[in-house]
Amino acid sequence: MTTQVAPVAGLSGAEVAERIAAGQVNTLPPRSGRTTWDIIRANVFTRINFLLMVLFVIVLSTGSLGNALFGFLIIINSGIGAFQELRAKRTLDNLAVVGEGKPLVRRDGVAAELPRDQVVLDDIIEIGPGDQIIVDGIMVEASYLEVDESLLTGESDALLKQPGDEVMSGSFVVAGVGAYRATRVGLDSYAAKLAVEASKFSLVKSELQTAINQILRLVTWLLVPVGIATVLVQWTQNPGAPWQEIVLRMSGALVPMVPEGLVLLTSLAFAVGVIRLGQLNVLVQELPAIEGLARVDVVCADKTGTLTENGLQFSHLEPSDGADAAQVEQVLAQLAAADPRPNASMQALTRALPAEDEAWSVTAMAPFTSAKKWSGMSFAGHGNWVIGAPDVLADATTEIARRAEEVGLGGRRVLLLGESDLAVDDPAAPGTVTPRALAVLEQKVRPEAAGTLAYFAEQDVAVKVISGDNAKSVGAVTGSLGVAATEVVDARDLPTDPEQFADRVESAGVFGRVTPQQKRQMVAALQSRGHNVAMTGDGVNDVLAIKDSDLGVAMGSGAAATRSVAQIVLLNDDFATLPHVVAEGRRVIGNIERVANFFLTKTMYSIVLALLVAVARLPFPFVPMHISFIGWYTIGIPAAILALAPNGERARPGFLKRVLSFSMPVGLIIGLTAFISYVVSRQSVVDEQTATQASTAALIAVMIAGGWAMIAIARPYQWWKIGMIVTMIVLAVLTVFWLPGWYAQMLPVWPWLATADPQLDPSNVSMNLTAVWFGLGAAVLVEAMWWISGRVTGLHRRVFGSLAD
């Protein structure tokens, strides 16, 4: 119902200035949820940086600058991580300003759109269908206003609001118009909490981040006993050795245990993903959405505004038998002109049939809702008129209903105009409807929609087209786009039993006459069958389904309420962007899994080698510079390249299991290989030179075994990956066999090089050959483990499937 009250003029300019001076402004938290200082602090003051800094200071105390090279990882980790996150924050904040809905604020009697943070206490805010309540308030005007508060209370039915009723931010308008006075703004409003929770730049609720945290906790617990044992053994096994040598060997054991690149490259991959999507005019409102992108296997797409463009064009009228065409046009013109917030259909009628006569007096109004599928007005002296879905307002057996279905088969939208025997606000409305005409509207299919749907089909992502329109009309549109729907379902015929409902939703591909509540049920049904569901839409009828889906995607021109609950917003309304969005999510998550394999393999073999050396009470074979060489060529550089490379594999649950099933056994193999090679070579050690040769031989064995792990992880091969592998092999060979000779030649010329002694001697051919054989044997075992872990986790199906593609 409507309440007639004098319009409230709103605040004056002076009153607005007073409230701004008093700080009564709708100040909101940063859109990205983290300040610049938060990002810098999170990247600098980390556990990993602390461990590396302690070891860096200890190594520097020996005067060996070359062995302190790993300390630059602190600067690199912090600098790159902070820089990319700040870029991502800036991208996120800038796009949020573009994509954020602006409330219609009335001041001095004039309504104008304003940014949300310019709303002040006691402002009058006008609202209509699709608008979000942005601050808490009290209604001052209401005309058949219905507000959905389900996101706050769980109540599924929209509530009728009257002047004096309270409205809460986070709810949204489904029908009618009105205005409310802001009573709580800024941090006092629920909107501030909603902004923090919905738009936070963090990795919360992420399977990936949870798994990485578990890995880091495990590594931390292992580091403590292994580190203590290493320190004790290195200090006690050779009391006559210089303390500098003992410190370097001890640090050489501890440094590689720290998975320094894992956190860096994980945050880097996410941040770069945000930036790349931003360049495509895609706003990522929740960072875990990138992970969700990689896991999607079902896309539920609303037809209107997603597969078709928002705008509709009036085609023609088909009056029923006995109806006066002139009267029909006049009624349609009056209905469109009197609608305070016309939807796309009424806007098309307004453009085609402008009201030329004096406006009729409206005695009752029924706004359109997606649930009932019709709207109407009662006019003084001109009767009660309704307009909406023909299959809702007319008996299916009538000639006009059959004609509407026939026209709808061409993919056009058909509305039935009818005269009712009841006032439209009567509880029994629409009552008995006498059909007067069919209004036919053209809806333009998005030119990019067919290619987008074809991409999803190729990627084995199921597409469910869900619409409130007539089922056969929806089927005609999707058929023109190449969607091979096995069944076009009228949602009114769906079973009520949850299991049967889920079966039908899973098997069919196109649904018409779907209510907002059914959209929500469909998402839940698909999720109950183990699917990761993305829901795309633009209207207020999509809000609940988008909120419940694993990944909500809204169009930038859609309703403000829809954009506010979506994790992804396509600011340019380009449905063709969605494949790029999904591909970016897959790239990020798939590459993080590769990166995790690199660094956990390194941590594992470092722990194994340190434990075995401690048990055998031997000097540790490597100094920190050796660890840097191994890290650069077999882990760090390849991981950094692969972290940002293309990757089309769909992410699946079980990240931790897959990573550990490969990295732990491979790490054990490499650690054992390094230890056995070192022990065999030490049998020939008689002086300091042969000890260096034994360390060099162990380094060669680790380079070969670790290099093969890199080769396995890099699959499937492409020309640039092969180039990367060859480059790493060449650099490793030059480092081991050329660098020591170059160092010996240049030391007399540049005496300062004494602080950067590589401590390598590849002149012992016998030791080197032995190490090569051990390394090759380990490579065979690594390859076997890759195949075994692949059978367990399905890795090879993904790898060779992508090769075939």
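## A parallel pair in the sheet

Strands E17 and E19 run parallel and are joined by two bridges. This is a predicted model, and one place to look in it is Val465, whose bridge partner in E19 is Val510. Helix H16, residues 471-480, packs on the sheet here and touches E17, E18 and E19. Its direction makes about 145 degrees with that of E19.

Zoom out and E17 and E19 turn up as members of an open sheet of eight strands, with mixed pairing. Reading across, the order goes E9-E22-E21-E20-E10-E17-E19-E18. Strand E9 (282-284) and strand E18 (488-490) stand at the edges with a single partner strand each, so one side of each has no neighbour in the sheet. From one strand to the next, the twist averages 20 degrees.

## Two positive phi values

Asp460 isn't a glycine, yet its phi is positive, about 65 degrees. You'll find Asp460 in the loop between helix H15 (449-458) and strand E17 (462-466). With 59% relative accessibility, Asp460 counts as exposed, because the cut-off for that is over 50%.

Arg513 is another residue other than glycine with a positive phi, near 55 degrees. Arg513 sits in the loop between strand E19 (510-512) and helix H18 (516-528). So is Arg513 buried or exposed? Its relative accessible area is 6%, and buried means under 20%, so Arg513 is buried.

## Two cis peptide bonds

Now for the prolines. The bond from Ala429 to Pro430 is cis, with omega near 15 degrees. Pro430 belongs to the loop between strand E15 (413-420) and strand E16 (433-445).

Arg715 and Pro716 are also joined by a cis peptide bond, here with omega about 0 degrees. Pro716 is in the loop that lies between helix H24 (688-713) and helix H25 (719-746).

How do H24 and H25 sit relative to each other? Their axes come within 11 Å and cross at roughly 175 degrees. Since angles over 145 degrees count as roughly antiparallel, H24 is roughly antiparallel to H25.

On the H24 side, the contact involves Thr696, Leu699, Ile700, Met703, Met710 and Ile711. These meet Ile725, Met728, Ala732, Val736 and Phe737 in H25. Sorted by type, the residues of this contact come out as 10 nonpolar, one polar and no charged.

Conventions. Residues are numbered from 1 along each chain as its sequence is written. This is a predicted model: local features need pLDDT of at least 70, side-chain atom pairs count only at pLDDT 80 or more; totals for chains, interfaces and linings use all residues. Side-chain values use heavy atoms; hydrogens and water are left out. Helices (H or I, at least four residues) and strands (E, at least two) are DSSP runs, numbered from the N terminus. Buried means under 20% relative accessible area, exposed over 50%, partly exposed in between (1.4 Å probe, protein chains only). Axes are lines fitted to C-alpha atoms, for helices over the stretch in contact, and angles run from 0 to 180 degrees between N-to-C directions. Angles under 35 degrees count as roughly parallel, over 145 as roughly antiparallel, 65 to 115 as roughly perpendicular and the rest as oblique. Contact means heavy atoms within 4.5 Å. Ala, Val, Leu, Ile, Met, Phe, Trp, Tyr, Cys and Pro count as nonpolar, Asp, Glu, Lys and Arg as charged, and the others, Gly among them, as polar. Two strands pair if DSSP finds at least two bridges between them.
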